[in-house]
Amino acid sequence: MKKHSARVAPLSACNSPVLTLTKVEGDERSHDSPAPAEAQAQAGMEAGGRGSRCCWTCSVTQLKKIFWGVLVVLGVCSSWSGSTQLAKLTFKKFDAPFTLTWFATNWNFLFFPLYYIGHVCKSAEKQSPQQKYRECCQFFGDNGLTLKAFFTKAAPFGVLWTLTNYLYLHAIKKINTTDVSVLFCCNKAFVFLLSWIVLRDRFMGVRIVAAILAIAGIVMMTYADGFHSHSVIGIALVVGSASTSALYKVLFKLLLGSAKFGEAALFLSVLAVFNVLFVTCIPIILYFTKVEYWSSFDDIPWGSICGFSVLLLTFNILLNFGIAITYPTLISLGIVLSVPVNVVVDHYLSDIEFNSVRVIAIVIIGLGFLLLLLPEEWDEWLIKLLTRLKVRKKEEIPEGNGDIVSGLQNKSRRTRPSMSSFSH
C-alpha cells in the first residue's frame, strides 16, 4: 500500500506522469541499494559533479558579465567624452547652448520605440505596441498616463533634465572640457548628501569623506585659474548642472521609486514630449531676441549637432539599460574614465595649462568618485577578508612548527648512537 500511494501522490499533486515514473524508478532502486561505501562514493561523485558544473556555470556567467561590462564601459566613456568634445566644436560655429539642449532632448522620444524593438526581438511572448504602452503606463499610477500624472510626475523632471543639460553645455562654452567633465563627477557626491538628508539613507563615513574630497576639488579647480570671472562662472555652471542632476535622481527615487526597463523607456520618451510641447517656445524667444541667433539655417552645422545628439542618446541608453547585462559599478567607471580621455584631447587641441593645482584637483575628485562606488557592505567584506587572512596565518604557523619539530626528532634519531656499538 505504501508503494502504491508513493506512485499516485505526485500525479495527483502535479499532474505530471514524468514525476510518477521517476518515483517508481526510485522505489525500484531502493530494493537493491548499493553498499554504504559505494553509496557514499557515488553520492560524493554526483555532488562533486554538480558543484563543478555549478562553479563552471557561475564563472561563465560572471565572465560574460565582465566582458559585456568592458564593452559598456568603453561605450559610456567614448559616448560621454565624444559628446562633450563635439559640443565644444559645435559652439565654434553655432553659439546656441539652449537650442542644442532642446534639439538633443527631442531625441529621447526614440527610447520607447527602441525598447519595443528589443522586446519584439528578445521576448517569447510578444505584445502589441498598444499593450506594451498600457502596461508601462501603470508606472504613472493606476489610471495610467493622465493629464494630472503628466504635469505632476513628468513635467518637473522635464524641467530638471533641460536645466541639467543646458547648464552643462553652457559651462563647456566658458571653460575647457577637462574641467567640466571632472567637476560633473561631483554629482555622485551630491546624490549621496541629498539621499542622506531627504531619503534618510544609511550614513557612511567613507562617503562623507568622498563628499569632502569633491568639495575640496571644486575649490582647488577654481583656484587653478586664479579666480578669474570667466572660469568662476563656468565652474559655477557645471556645479549647478551636477546639483540639478543629483536632485533629479533623488526626487525620482522619492516620488516614483524604481522603474522597470519599459517604464524607464516610456518615461524618457514622455520627457521628449514635454520638451516639444512646453520648451519649444524658449529657443524661439532666444532667437528673436538675438540671444541665440544664427543668420540662416544653412549655417547650422547639422552634422555636429546630430552627432552630439546621437552620442548623448547612446550615453543615456547605456546608462539606463546597461545594468541589464553588466554591473552598475562598471557603468559608473565609464563616466570617470572619460576624464583622462578629455585630458588627452585637450592637451593636443587646446591651450589648457595642467599646473599642479589642477592635477591635484582632478585626482581628488576622481578619488572621491571612486570611494562613492564602494558598496554599502564594503566594511563587512573587508572585516571578513582580514579575518580569513588571520585564520590562514594561524593555520600555517602550527603546521610549520609541526614540520620543524618532526624534522628535529628525525635528525636526533639518526644521530643518536646505538648501545650495541659500545658493547663491542
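Leucine 71 sits in helix α3, which spans residues 36–90. The model is predicted. At 40% relative accessibility, leucine 71 is classed as partly exposed, because that class lies between the under 20% of buried residues and the over 50% of exposed ones.

Leu71 belongs to a nonpolar surface patch.

A probe the size of a water molecule, rolled over the atoms, shows where empty space remains. The second largest pocket has a volume of about 570 Å³. Its lining counts 20 residues, and the closest to the pocket centre are Tyr115, Gly118, Phe261, Phe321 and Ala324.

Helix α5 supplies the largest share, six residues. By class, the lining of the second largest pocket holds 11 nonpolar, four polar and five charged residues.

## Lysine 290

Lysine 290 lies in the loop between α13 (281–288) and α14. Its phi is positive, about 65°, although lysine 290 is not a glycine. Most residues other than glycine have a negative phi.

Is lysine 290 buried or exposed? Lysine 290 counts as exposed, because its relative accessibility is 59% and the cut-off for that class is over 50%.

Notes. Residues are numbered from 1 along each chain as its sequence is written. This is a predicted model: local features need pLDDT of at least 70, side-chain atom pairs count only at pLDDT 80 or more; totals for chains, interfaces and linings use all residues. Side-chain values use heavy atoms; hydrogens and water are left out. Patches are made of residues with over 30% relative accessible area and no salt bridge: like charges are joined within 9 Å, nonpolar side chains (Val, Leu, Ile, Met, Phe, Trp, Tyr) within 5 Å. Accessible areas come from the Shrake-Rupley method with a 1.4 Å probe; for residues, only the protein chains shown count as cover. A salt bridge is a side-chain nitrogen of Lys or Arg within 4 Å of a carboxyl oxygen of Asp or Glu. Helices (H or I, at least four residues) and strands (E, at least two) are DSSP runs, numbered from the N terminus. Buried means under 20% relative accessible area, exposed over 50%, partly exposed in between (1.4 Å probe, protein chains only). On a 1 Å grid over the protein atoms alone, a cavity is a set of points where a 1.4 Å probe fits but cannot get out, and a pocket is an open set with protein on both sides within 12 Å along at least five of seven lines; lining residues have an atom within 4 Å of a point. Grid points are joined across faces, edges and corners, and a volume is the space filled by probe spheres set on the points. Ala, Val, Leu, Ile, Met, Phe, Trp, Tyr, Cys and Pro count as nonpolar, Asp, Glu, Lys and Arg as charged, and the others, Gly among them, as polar.
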